[in-house]
Amino acid sequence: MPPAPAPRLRADISGLPRYVPGRPAPSDLVDKLSSNENPYPPLPSVIAALREELGRVNRYPDPTSSELVTELSTALTVPAHHLVPGTGSLGVTRDLLRAAAGEGDEVLFAWRSFEAYPQLIWATGATPVPIPLHDERHDLKAMADAVTDRTRLILICNPNNPTGTAVHRAELDRFLDRVPAHVLVVLDEAYREFVDDTDVPDGITCYRDRPNVAVLRTFSKAYGLARLRVGYAVAHPPVAAALRACTVPFGVSGPAQAAARASLNARPELLERVRTLVTERTRLTCALRIAGWTVPDSQANFVWLRLGTRTPAFAAACEAAGVMVRPFADEGARITVGTPEQNDRLLKIAADWPT
């Protein structure tokens, strides 16, 4: 009997760019500095909120995350109808792309930047337009020059993943002044809480008087809720309404909403942890530079080493010594800032590696 024909799928599926996540640690004895996770567990108040929510998992969550939206509205001083929660900033990015771009349209982004961008753009049918970094930073002049009549959306990852570098206020203002008003500019600020450079603008300030600017934030990084998948967008009403129409119903779970609200209420305690990680980022950067490494100034919770073809060997050496870093083919390695003890182990490996 001849085999049944396979279902017909998109002919170009084989060309889909793959998102390659950091691998799970093989054991608890390995320091996982590869996924930009917060190394500290949730605060007791957040765990208590999760426990209370577990008794209601037989019920659907609030589809609008109304209580979380209200608390975010107060915390950010933005109207509630400008806020759209989603399944992490990654999920919100996907929905924004679906709302803004389709076949025949173009989406601009820096490269290298967040690895999921090309995949998400491809899935909408739009054309990804990567603009090479310059000295590990967004080349905003080149990005503005690349805008065409087909451009519908521009992604600015600030700070940039995986290089950690950040766009400054004056250059961003010049860029936004050049972008046509009908092109949506999305400021992906997944690492905003780790910024300590006063020249790096707060995207919320940029969005307030620019209707074509939207901002993405997440609870995954600084707030340590990566497994729960909750983030949000801040955008003006036409963009927020279109985004809302593209979101998955009941996408943000009840436990995620409860934990995010508890985290907002515990913000002072959580920001103490962030300050600890920023201090460790500075120590890690300085020690690597003293050892002879070239390390860009990072405003995120990781540092970047441009290693070229030596990247796989460095990652293998780290893992053999009990530390996992995130290699990017023949480009470089991203190292998440961990606890002081984890960072010390990484520095010992790096000190023995020829720079």
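Start at Lys221, which sits in the loop that runs between strand 7 (213-218) and strand 8 (231-234). Keep in mind that this is a predicted model. UniProt, in an unreviewed entry, marks Lys221 with the feature "modified residue: N6-(pyridoxal phosphate)lysine".

**More on Lys221**

- Is Lys221 buried or exposed? Its relative accessible area is 16%, and buried means under 20%, so Lys221 counts as buried.
- Look past the neighbours within four places in sequence, and you'll find Lys221 in contact with Ser35, Asn36, Asn38, Ala190, Tyr191 and Phe194.

**The largest pocket**

- The largest pocket has a volume of about 960 Å³.
- Which of its 38 lining residues are the closest to the pocket's centre? They are Ser35, Glu37, Lys221, Ala226 and Arg229.
- So our lysine turns up again here: Lys221 is buried at 16% relative accessible area, and Lys221 is also among the lining residues closest to the pocket's centre.
- Two elements give two or more residues to this lining, namely helix 3 (88-100) and strand 11 (326-328).
- Helix 3 supplies the largest share of the lining, with 3 residues.
- Sorted by class, the lining has 17 nonpolar, 12 polar and 9 charged residues.

**The nonpolar cores**

- As background, nonpolar side chains in soluble globular proteins tend to be buried together.
- Here, the largest nonpolar core has 77 residues, and the ones touching the most other members are Ile154, Phe175, Phe219 and Phe314.
- There's a second, separate core too: it has 25 residues, including Phe114, Ile121, Ala126 and Val186.

- Most residues other than glycine have a negative phi, and most peptide bonds are trans.
- The peptide bond from Trp111 to Arg112 is cis, with omega near 10°. You'll find Arg112 in the loop between strand 3 (106-111) and helix 4 (116-124).
- Another cis bond goes from Asn158 to Pro159, with omega near 0°. Pro159 belongs to the loop between strand 5 (151-157) and helix 6 (169-178).
- Ser65 isn't a glycine, but its phi is positive, near 50°. Ser65 lies in the loop between helix 1 (44-54) and helix 2 (66-76), and with a relative accessible area of 2%, Ser65 is buried.
- Thr77 also has a positive phi, near 55°, without being glycine. Its loop is the one between helix 2 and strand 2 (83-86).
- Is Thr77 buried or exposed? Thr77 has a relative accessible area of 59%, and exposed means over 50%, so Thr77 is exposed.

- Asp105 is in the loop between helix 3 and strand 3, and Asp105 is buried, at 14% relative accessible area.
- Leaving out residues up to four places away in sequence, Asp105 touches Ala100, Ala126, Thr127, Arg150 and Arg152.
- How many residues apart in sequence are Asp105 and Thr124? They are 19 residues apart, with 9.5 Å between them in space, C-alpha to C-alpha.
- Val200 is in the loop between strand 6 (184-188) and helix 7 (203-208), and Val200 is buried, with a relative accessible area of 3%.
- Setting aside neighbours within four places in sequence, Val200 is in contact with Asn158, Ala166, Val167, His168, Arg169, Arg192, Val195 and Gln299.
- Val200 and Ser89 are 111 residues apart in sequence, and their C-alpha atoms are 20 Å apart in space.

**Zooming out to the domain**

- An unreviewed UniProt entry annotates residues 32-348 as "domain: Aminotransferase class I/classII large".
- In this model, residues 32-348 are 41% helix and 17% strand.
- How far apart are the end C-alpha atoms of residues 32-348? They lie 16 Å apart.

How values were computed:
Residues numbered from 1 in each chain as written. Predicted model: local features only at pLDDT ≥ 70, side-chain atom pairs only at ≥ 80, totals over all residues. Heavy atoms only, no water. UniProt positions renumbered as here; feature names shortened; annotations may be inferred. Helix = DSSP H or I, 4+ residues; strand = E, 2+ residues; numbered from the N terminus. Buried < 20%, exposed > 50% of the residue type's maximum accessible area, 1.4 Å probe, protein only. Contact = heavy atoms within 4.5 Å. Core = buried A, V, L, I, M, F, W, Y, C linked by side-chain atoms within 4.5 Å. 1 Å grid on protein atoms, 1.4 Å probe; cavity = no way out; pocket = protein on both sides within 12 Å on 5 of 7 lines; lining within 4 Å. Points joined across faces, edges and corners; volume = space filled by probe spheres on them. Nonpolar A, V, L, I, M, F, W, Y, C, P; charged D, E, K, R; others polar.
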